[in-house]
Amino acid sequence: MAVDTASVSAAPGTARAGVLIMLLGMLMFSLNDVMGKWLVATYSVGQVVLIRSIAAGLVLFPFLWTRGPKRLVAVERPGLQLARVFASTAEVFAFYFAVISLPLADVMTYWLAAPIYVAAVSPLVLKEPVGWRRWTAIAIGFVGVIIALEPSSQALTLPALVSIFGSMCFAFMMVSGRSLRGTPDTTLAFWQVVGAAIAGLLWAPFDWTPLNPLDTALLGLLGVVAMLAHVLVNRALKLADAATVAPLQYTLLFWAIVFGWLVFGDSPRLSMVLGAGLIVASGLFIFFREQQLKRQGKLKD
């Protein structure tokens, strides 16, 4: 599952460690995606999300304990926090529903388009001016999405549309995260886990499959790996500048193609490869252009 890497800059002299940790974090996210796709072939999405959330909560608990319960309850802008929880829950469910039917590379391509959506809505939601260069990149990114989606009666399937919906939910999480900078990462993660756990608890009893020991361990590992991946990404963003490590999130697409081929026998479609290329190129341009404007202290390009 893709990750929001918009964060703060880093201490000097540690860029190499930040890059290595970021690459490891992306590999962990990719392994999480592979395990999730494997498990939803046997267990319902609600069951997978429920057990995953419980395991993630256990990993997160020590970090929450040090901050105290007041930091979890006394949050800024509760309405936006609640909307973000709904979006994060929908995003998780959409991802697992999508990978039931689609190759990992297809799903990851749609998710990596989220920064393009963020750039497109920033003028309206965040009041961040966007100039013609970034608008051009946004348009190219949308063309990439259309090419990857391959809108025809044969290719425009429900799982593909669910993927687009999920990536838009992820984009909303990124936008709302920028608006909730005063909320600690652990608090945001806690309520995301709680929202997913509640939704999984409501869903799972209606489609529960008996667990064997190995799959129970894998379902628990799913949540642990996801939380550790988030920790690694946050650590990388503290060790190196965002401009150095954030573009490494696109290695998720490489791992999705590799693992999809090795584990599931998926071969990427030509239209998916072309669309993914446009999405990655436009996303990188938007990111580096924003970094350049921040250094120059300009508001628009």
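## Helices around the largest cavity

In this predicted model, two helices, α5 (104-111) and α12 (251-264), each give at least two residues to the lining of the largest cavity. Helices are DSSP runs of H or I with at least four residues, and strands are runs of E with at least two, numbered from the N terminus. The largest share, 4 residues, belongs to α12.

A cavity is a set of points, on a 1 Å grid over the protein atoms alone, where a 1.4 Å probe fits but cannot get out; lining residues have an atom within 4 Å of a point. Among the lining residues are Pro-103, Leu-104, Ala-256, Ile-257 and Trp-261. By class, the lining holds 7 nonpolar, 2 polar and 1 charged residues. Here Ala, Val, Leu, Ile, Met, Phe, Trp, Tyr, Cys and Pro count as nonpolar, Asp, Glu, Lys and Arg as charged, and the others, including Gly, as polar.

## Number and volume

The model has 1 cavity of 30 Å³ or more, and the largest cavity holds about 40 Å³ of space. A volume is the space filled by probe spheres set on grid points, which are joined across faces, edges and corners.

## The second largest pocket

A pocket is an open set of points with protein on both sides within 12 Å along at least five of seven lines. The second largest pocket has a volume of about 170 Å³. It is lined by 11 residues, of which Pro-78, Gln-81, Leu-82, Val-85 and Trp-191 are the closest to its centre. Two or more lining residues come from each of α3 (70-73), α4 (78-101) and α9 (185-203). The lining has 9 nonpolar, 2 polar and no charged residues.

## Basis of the values

Residues are numbered from 1 along each chain as its sequence is written, and side-chain values use heavy atoms, without hydrogens and water. Local features need pLDDT of at least 70 and side-chain atom pairs count only at pLDDT 80 or more, whereas totals for chains, interfaces and linings use all residues.
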